[in-house]
Amino acid sequence: QAKRLGKGCYQVLTPAMQVPAVQRLQLENQLREALIRQEFLLYYQPIISLETGMLVGFEALIRWDHPLKTRINPSEFIPLAEETGLIQAIDLWVLKEACNQICRWNQQFQNLPPLSMSINLSPVDLKQINLVENFQQVLEVNSLGNWILKLEITETCFLETLTFEQDLIKQLQAIGIQLCIDDFGTGYSSLSRLHSFPLCTLKIDRSFVSQIQSKIEGAEIIHTIITLAHSLGMDVVAEGIETNIQLEKLEELGCNYGQGYLISKPLDHLKATEFLTRVFYQ
Ligand code: C2E
Ligand code: MG
Ligand code: MG
Ligand code: MG
């Protein structure tokens, strides 16, 4: 195996081990080209208010239509994109595409309260030098109002990097971007830690939502998360709602928003437009 011996220092590859390295290199090159060839596309998953049942926004989720393989999901290429730093360019594309889409939808459905758009950021994105400027520019180009754009950062990422990024978060919030903690419950954030960040939303990880029925303490954990979030002035989104029982239980526990296959799977932009038309003009 090509073992890392120190900075910029690698052990020579043995022939038997060449295959994975070559494959990796191929994938890396394809990933590099994918942006130029416009092989990425966004799917949009609806997020609804559990209080009113109304659609409040979408989460943008990236897909890759690889020329040789079929569609590739983010879990299969995001890690490599992060390692190589390509994620910064990819997520900048996501930002532009998602903002452009929400701008068009909000114009098209002008008589309705504006919908929000959430995008996922990787910890590597936060290291980008012109991050705030880039965001500000994209907001301006699309004339996006305050609090339309939301950034999702996983709880684990928070724990790893954000001690240094507090300023960054404040700057983003100053230009009207909301912050969400994704996959909440999978890391080990302390209460005081959360309190020191200006955050707007906690997204409860799907693993907790799925335990709401099966485990006795399942509902109790969610109840605790919701109480905590509300006491810190944050909203709560439940991820991965798949059954009516989960939905009802979450409503009962005072969860603000929800998303999941029960409500809708992630949709391409045409299907998402149909969804919008259907929910608003049925
Ligand atoms: P995430 O942000 O936590 O997104 C939720 C994932 O759960 C999505 O998987 C979504 O399709 C899936 N999901 C939604 N509802 C349900 C449900 O009811 N049941 C089940 N079983 N799954 C559900 P996806 O699209 O494969 O994305 C996986 C992860 O990849 C995302 O997790 C996010 O962390 C990352 N990701 C996606 N798009 C981007 C992107 O544009 N940039 C970056 N940096 N990361 C992204
Ligand atoms: Mg997310
Ligand atoms: Mg999540
Ligand atoms: Mg996730």
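**Exercise 1. In which helix is I169 found? Then decide: is I169 buried or exposed?**

Some ground rules come first. This is a predicted model, where local features need pLDDT of at least 70, side-chain atom pairs count only at pLDDT 80 or more, and totals for chains, interfaces and linings use all residues. Residues are numbered from 1 along each chain as its sequence is written, chains are lettered from A and ligands numbered from 1 in the order in which they are written, and side-chain values use heavy atoms, with hydrogens and water left out.

Step 1. I169 is found in helix 6. Helices (H or I, at least four residues) and strands (E, at least two) are DSSP runs, numbered from the N terminus.

Step 2. Recall the cut-offs: buried means under 20% relative accessible area, exposed over 50%, partly exposed in between (1.4 Å probe, protein chains only). I169 has 2% relative accessibility, so I169 counts as buried.

Step 3. Look along the chain. P198 is 29 residues apart from I169, and their C-alpha atoms are separated by 7.4 Å.

**Exercise 2. Describe how helix 4 and helix 6 cross.**

Step 1. Find the helices: helix 4 covers residues 131-141 and helix 6 covers residues 166-174.

Step 2. Take the axes. They come within 10 Å and cross at roughly 15°. Axes are lines fitted to C-alpha atoms, for helices over the stretch in contact, and angles run from 0 to 180 degrees between N-to-C directions.

Step 3. Classify the angle. Helix 4 is therefore roughly parallel to helix 6. (Angles under 35 degrees count as roughly parallel, over 145 as roughly antiparallel, 65 to 115 as roughly perpendicular and the rest as oblique.)

Step 4. List the contact (heavy atoms within 4.5 Å). Helix 4 supplies L131, V132 and F135, while helix 6 supplies L168, Q171 and L172.

Step 5. Sort these residues by class. Five are nonpolar, one is polar and none is charged. (Ala, Val, Leu, Ile, Met, Phe, Trp, Tyr, Cys and Pro count as nonpolar, Asp, Glu, Lys and Arg as charged, and the others, Gly among them, as polar.)

**Exercise 3. Repeat the analysis for helix 3 and helix 4.**

Step 1. The two axes come within 10 Å and cross at roughly 20°. Helix 3 is therefore roughly parallel to helix 4.

Step 2. L92, L95, K96 and C99 of helix 3 meet N134, F135 and V138 of helix 4.

Step 3. By class, this contact has five nonpolar, one polar and one charged residues.

**Exercise 4. Which residues touch the most other members of the largest nonpolar core?**

Step 1. Define the set: a nonpolar core is a set of buried Ala, Val, Leu, Ile, Met, Phe, Trp, Tyr and Cys residues joined through side-chain atoms within 4.5 Å.

Step 2. The largest core has 83 residues, and I119 and F135 touch the most other members. Helix 3 (residues 87-108) gives the most to this core, with nine residues.

Step 3. Check F135. Leaving aside neighbours within four places in sequence, its contacts include L95, I119, L149 and L172.
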